[in-house]
Amino acid sequence: DETALYQVPEPINAKGQKVDLPERANEAFKTGESLTYRLHYGFMDAGVAVLHVLPEVKEIGGRKVYHIVGDGYSKGSFDWFFKVKDRYETYMDKDALVPWYFVRRCDEGGYIINQDYLFNHYTKKVDVGEGKTFDIPAGTQDMLSAFYAARNLDFTNAKAGDIFTVQSFVDKEMWPLKIKYVGKENIKTELGTFRCLKFRPIIQKGRIFKKEEDLNVWITDDKNHVPLRAQARIMFGSVKMDIVSFENLANPTSKVE
């Protein structure tokens with residue numbers, strides 16, 4: 001059972017609200033989609049990440065929502081010296097593609113992070129608990145919903161150097177997720193060779209990354225926009241995330257036969 005071990009709050013009530021949420025078409029994913037990735041640290045097989053859009057469309061405050069779960073955990077020898085168990089959940093509006101409720105439960109080497117963010121897109125506020133609320137602009141995403149919102153961006157006329165932004169609320173502050181389009185490239189994976197769009201997330205240099213080019217992401221050049229690979233050079237080596245399986249995609253893929 002992948003439902004949460006908590007009572008999902010009712011942050012909003014669509015009845016009586018005077019603000020209409022703008023609708024956004026979702027062509028990139030559907031219920032039942034599952035993406036599984038293998039993480040490598042250098043030559044070490046370090047972990048697994050799974051992203052799953054649960055099969056049932058739920059309802060919060062009169063709005064239909066996708067319940068999306070992301071799990072990540074360490075494995076093998078990496079698990080022995082740095083155990084990771086992360087879980088992210090978002091309840092994302094089916095028509096407006098914005099989150100209503102975000103849950104983060106992370107244990108990374110004994111460092112615990114628990115977050116429950118309650119979004120209200122009518123009042124443009126997010127409640128982070130302990131009586132604290134923050135103002136947010138229209139269309140704000142959480143850490144997990146941003147991934148699915150970004151997959152619905154239109155890259156049809158993208159030119160090298162174009163920057164796409166998804167406004168996100170992360171760790172109690174607004175954080176613009178910016179990705180720079182690099183160009184098209186075919187990449188080979190365990191699932192075959194795919195036509196891809198290559199992006200470079202704009203990152204903060206100096207802390208983990210030495211320069212902007214140190215992080216690259218490849219997504220399928222089709223309507224699914226599935227990330228197939230993320231590769232990063234960091235201060236202490238390299239990290240790579242590769243897809244190992246996908247299920248129930250919404251559209252045909254860009255696989256090269």
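Author: The side chains of Asn 216 and Arg 200 make a polar contact of 2.8 Å. Here a polar contact is a pair of N or O atoms within 3.5 Å; within protein, one must be able to donate a hydrogen and the other to accept it, and residues adjacent in sequence count only if both atoms are side-chain atoms. Keep in mind that this is a predicted model, where local features need pLDDT of at least 70 and side-chain atom pairs count only at pLDDT 80 or more, while totals for chains, interfaces and linings use all residues. Numbering starts from 1 along each chain as its sequence is written, and side-chain values use heavy atoms, with hydrogens and water left out.

Asn 216 sits in strand β13; strands (E, at least two residues) and helices (H or I, at least four) are DSSP runs, numbered from the N terminus. With a relative accessibility of 10%, Asn 216 counts as buried, because buried means under 20% relative accessible area, exposed over 50% and partly exposed in between (1.4 Å probe, protein chains only). Skip its neighbours within four places in sequence, and Asn 216 is in contact with Lys 198, Phe 199, Arg 200, Arg 229, Ala 230 and Gln 231. Contact means heavy atoms within 4.5 Å. Ile 179 is 37 residues from Asn 216 in sequence, and their C-alpha atoms are 9.7 Å apart.

Follow the chain on to the loop between β13 (215-220) and β14 (227-234), and you get to His 225. That residue is also buried, at 10% relative accessibility, and its phi is near 50°, a positive value in a residue other than glycine. Most residues other than glycine have a negative phi. Lys 172 has a positive phi too, near 65°. Lys 172 belongs to the loop between β10 (163-170) and β11 (173-189), and at 36% relative accessibility it is partly exposed.

Along with Leu 153, Asp 154, Phe 155 and Thr 156, His 225 is nearest the centre of the second largest pocket, which has 17 lining residues. On a 1 Å grid over the protein atoms alone, a pocket is an open set of points where a 1.4 Å probe fits, with protein on both sides within 12 Å along at least five of seven lines; lining residues have an atom within 4 Å of a point. The volume of this pocket is about 310 Å³, volume being the space filled by probe spheres set on the points. Its lining splits into 7 nonpolar, 3 polar and 7 charged residues, with Ala, Val, Leu, Ile, Met, Phe, Trp, Tyr, Cys and Pro as nonpolar, Asp, Glu, Lys and Arg as charged, and the others, Gly among them, as polar.

A polar atom of its side chain lies 2.6 Å from the backbone oxygen of Pro 99. His 121 is buried at 7% relative accessible area. Beyond four places in sequence, His 121 touches Leu 21, Val 98, Pro 99, Trp 100, Ile 136 and Thr 140.

Stepping back, the protein has 2 helices and 15 strands, and buried residues make up 46% of its 257 residues.
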